[in-house]
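These are my notebook entries on the structure shown below. I set down what I looked up, entry by entry.

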Amino acid sequence: SIEERRRKMVVAVRKGASMRSVAKRFGVTLHTMQRWVAHAADRRLDRVDWSGTRGGRREAQATSPEIEALVVELRKELRDISDLGEFGAAAIRRELAKRRTKLKLDRVPSERTIGRILERRGALDGRRRMRFPPPPKGWYLHDVREQRAELDSFDIVEGLVIKGGTHVEVLNGISLLSGLTESWVRCGWTAKFTVESLIAHWREHGFPDYAQFDNDTIFQGAHQWPDSFGRVTRLCLQLGVTVVFAPPRETGFQASIESYNGRWQAKVWQRFQHPSLPALTERSNAYVAACRERSASRIESAPSRWEIPDGWKLDLSKPLDGTVIFIRRTNEKGNVQCLGRDYHVNDSWCHRLVRCNVDLTAEKIRIYRLRRREPTRQPLMKTYPYKTPTRRFNE
């Protein structure tokens, strides 16, 4: 009976067994065991009231030790002889349902109950997924990670159509540390329009140490030729801004700008009916102003930005000077593609992240190892000579 089981548990403890081992033998929790021992105290066991729910969970709702033992035994059996090779909670429940009459079961435990039984009895052999804290913002750039330099991210939202057939594309920008936002609305974007917008934005707010883009030809330049540096890249280099190109099809690196893209579409594009492009631009400008007002304290405390010198003018024919960074992932051979060429990194560093620093001034490519779990450790893996292009830019 229930009362007899409780009495036997306390007797075993009084004979010198540990409460943990007794709880495991009788299929109860350690907390339940401790409560019944405390309930008996130093009294004679024939004078203890063993009824009631003092012992923890209600026995009427608890799975009996016999059923728990049956579940564990059935798991071993299915693992050895099952044609499907399945012996998890779902497979065990299906088998119990088949044998219900033979085993004289009043009810078949639920899949969740069977899973808890297996976990409680230590019968699970799967490994739990280990989760690690995310790396800090801009972890792949040392001074951004240390919040000593600012990074501006830019991206284009495409595929928007105003009622009546007007196609819309939006160039969005956001600063990683300060949250300074900007949005430009046009019917279509080219590299020339992008350069004009960036110059206007940076004249008003100052330019950052880094500017990050995806690998769109508008930002990077033509992909069909190696060593191609587009108009936007040349603008950044002439201002002393280090250009960063995020890796294709990778999550995390463009998280801030992609999040802002989603907010802009939800709060501006989808929230209102826009009769025309000027009306959409007005709504967008109001939203950007509100975002800047909300982020005023962050903008004030962020790393300082640099002013464009008076009289400065973009000269696309000027020789290339500065650094362009490509965040990339190696292939199955440990090679990485950068500027249309393959560079070997390491045979043991396959399908891993690297940072390729293309130093146009020193004419070298330095390849660094990247790991999210070790954001502060980015050792140099390879150095290659690089001939900086000297051909004239075709405007």
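Entry 1, His351. I worked on a predicted model throughout. I looked up the accessibility of His351 and found 44% in relative terms, so His351 counts as partly exposed, falling between the 20% and 50% limits. I located His351 in the loop between strand 8 and strand 9 (353-359). I then read its backbone and noted that phi of His351 is near 55°, a positive value in a residue other than glycine. I recall that most residues other than glycine have a negative phi.

Asp227 belongs to the loop between helix 10 (217-220) and helix 11 (231-239). I noted a relative accessibility of 10% for Asp227, which therefore counts as buried.

I checked Trp349 and found the charged end of Arg352 over its ring, 4.7 Å from the centre. I also checked Trp189, whose face has Arg186 lying over it at 5.8 Å from the ring centre.

I recorded both Trp139 and Phe253 as buried.

I turned to Tyr343 and Tyr384, whose ring centres are 5.2 Å apart. Tyr343 is in strand 8 (residues 341-344) and Tyr384 in strand 11 (residues 380-385), so the pair ties together parts 41 residues apart in sequence. I noted that Tyr343 is buried, at a relative accessible area of 9%, whereas Tyr384 is partly exposed, at 22%.

I also looked for an aromatic cluster and listed one formed by Phe154, Trp202, Phe213, Phe219, Phe245 and Phe326.

I found Thr181 in strand 3 (residues 181-186). Is Thr181 buried or exposed? I read a relative accessible area of 2%, so Thr181 is buried. Leaving out residues up to four places away in sequence, I listed its contacts as Gly173, Ile174, Tyr260, Val288, Cys291 and Arg292.

I compared the length of helix 4 (residues 65-81) with expectation: at 1.5 Å a residue, its 17 residues should span 24 Å, and the end C-alpha atoms are 24 Å apart, which agrees. I listed the buried residues of helix 4 as Ile67, Glu68, Val71, Val72, Leu74, Arg75 and Leu78. These residues cover an arc of only 160° around the axis, so they lie on the same side of helix 4. I found Glu66, Asp80 and Ile81 exposed on the other side of helix 4. Finally, I asked what covers the buried residues of helix 4, and I noted helix 5 (89-98) and helix 7 among the covering elements.

Methods: Residues are numbered from 1 along each chain as its sequence is written. This is a predicted model: local features need pLDDT of at least 70, side-chain atom pairs count only at pLDDT 80 or more; totals for chains, interfaces and linings use all residues. Side-chain values use heavy atoms; hydrogens and water are left out. Buried means under 20% relative accessible area, exposed over 50%, partly exposed in between (1.4 Å probe, protein chains only). Rings of Phe, Tyr and Trp (its six-membered ring) pair if their centres lie within 6.5 Å; planes under 30 degrees apart count as stacked, over 60 as edge-to-face and the rest as tilted. Helices (H or I, at least four residues) and strands (E, at least two) are DSSP runs, numbered from the N terminus. A charge sits over a ring if NZ of Lys or CZ of Arg is within 6 Å of the ring centre and within 35 degrees of the ring normal. Contact means heavy atoms within 4.5 Å. The expected span of a helix is 1.5 Å times one less than its number of residues. The arc is that of the directions from the helix axis to the C-beta atoms.
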